Structures are given as structure tokens and as C-alpha cells.
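Dear colleague,

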Amino acid sequence: MATLKLRARNAEDMAVISALLQDGLVPVGDIGFMPGENGFVMALTRYRWEGASRERIHTGLRFEAVRAVRYRGIDRKDRSQFLSLLAISYEGDAAKGAVAMHFSGGGVIALEVDGLNCILADFDESWPTLWTPRHDLE
């Protein structure tokens, strides 16, 4: 299966990326804001929801035109901690908006952006996993 490379420029695009990254595992040490470049990056392993076989793959996520980053409920000093991504949303327009990344346990990373410009890119080879994420709807 081919690796993915996608760009989100609006809330609808972001919803697609959010679905692909649901249950992605993110080491806190692989999250970074680059104020000099107005960029925010995150490396994670995602479950390949789009495939027929059970696999995970390393994926990079980058946001451009980031003005500010706020963290809530995340201990950034514990760089070995893993977060489980639940969803990413975007509210705003082409000129200005807010990205919210929600993690299990209530953690949130909020980005203030000058318009949405997000890139998802898989890298490396995928590997099989025995664990398929499940979410009970109760």
C-alpha cells in the first residue's frame, strides 16, 4: 500500500486528516513549536484505517502560519510520555482560525493560525500490529 501525503486547507480537509490520525500515538518529545518558522510539528504512529490489513506507520504532521500554541492537561516535561490522539478540528476561515488537537485523558493542544495549512506525510515502512483500536459508542 502506498504511503499518504495530504494537505488540509479547510475544516472539511482537516476532518479527513483527523479520521486518518484517530488513535495515533504521539511521544511528547516528538511535538514541537518552531516560532522562528511559524511552524508546529508532530511525529506519531498511526493506525492505517484505510488498509485492509492491521498495520501502523510513522507519520509526520506539520502546521504552517502558527502564531501561538497552548497546551492543556499535557505534561511537556515528561518527554517519554505517549499521548493518544482522538481528533483534530479547525474553526475559522482562510485568513485566521484555531486548530484543536484532543487527546485521551483530556489533553488538548490549541494552535492559533493565520489560515489552515496542514500537511500529513507518512514516512518509513508500515508494520503489522495485533491491536485494532476500538471505541464503544456507549
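A search of the whole structure, which is a predicted model, finds two aromatic pairs; rings of Phe, Tyr and Trp (its six-membered ring) pair if their centres lie within 6.5 Å, and planes under 30 degrees apart count as stacked, over 60 as edge-to-face and the rest as tilted. Phe-40 and Phe-63 form a tilted pair, because their ring centres are 6.4 Å apart and their planes stand at 55°. This pair links strand β4 (residues 39-47) with strand β5 (residues 55-63), the two residues being 23 apart; strands are DSSP runs of E, at least two residues, numbered from the N terminus. Phe-40 is buried at 0% relative accessible area, as is Phe-63 at 0%; buried means under 20%, exposed over 50% and partly exposed in between (1.4 Å probe, protein chains only).

Tyr-47 and Trp-49 pair edge-to-face, at 4.8 Å between centres and 65° between planes. Tyr-47 is buried at 6%, whereas Trp-49 is partly exposed at 32%.

There are nine salt bridges, each a side-chain nitrogen of Lys or Arg within 4 Å of a carboxyl oxygen of Asp or Glu. One of them joins Asp-114 and Arg-67 at 2.7 Å, N to O. Asp-114 lies in the loop between β9 (108-113) and β10 (118-128) and Arg-67 in strand β6 (residues 66-72), so this bridge ties together parts 47 residues apart in sequence.

Residues are numbered from 1 along each chain as its sequence is written, and side-chain values use heavy atoms, without hydrogens or water. Local features need pLDDT of at least 70 and side-chain atom pairs count only at pLDDT 80 or more, while totals for chains, interfaces and linings use all residues.

Yours sincerely

Methods. Helices (H or I, at least four residues) and strands (E, at least two) are DSSP runs, numbered from the N terminus.
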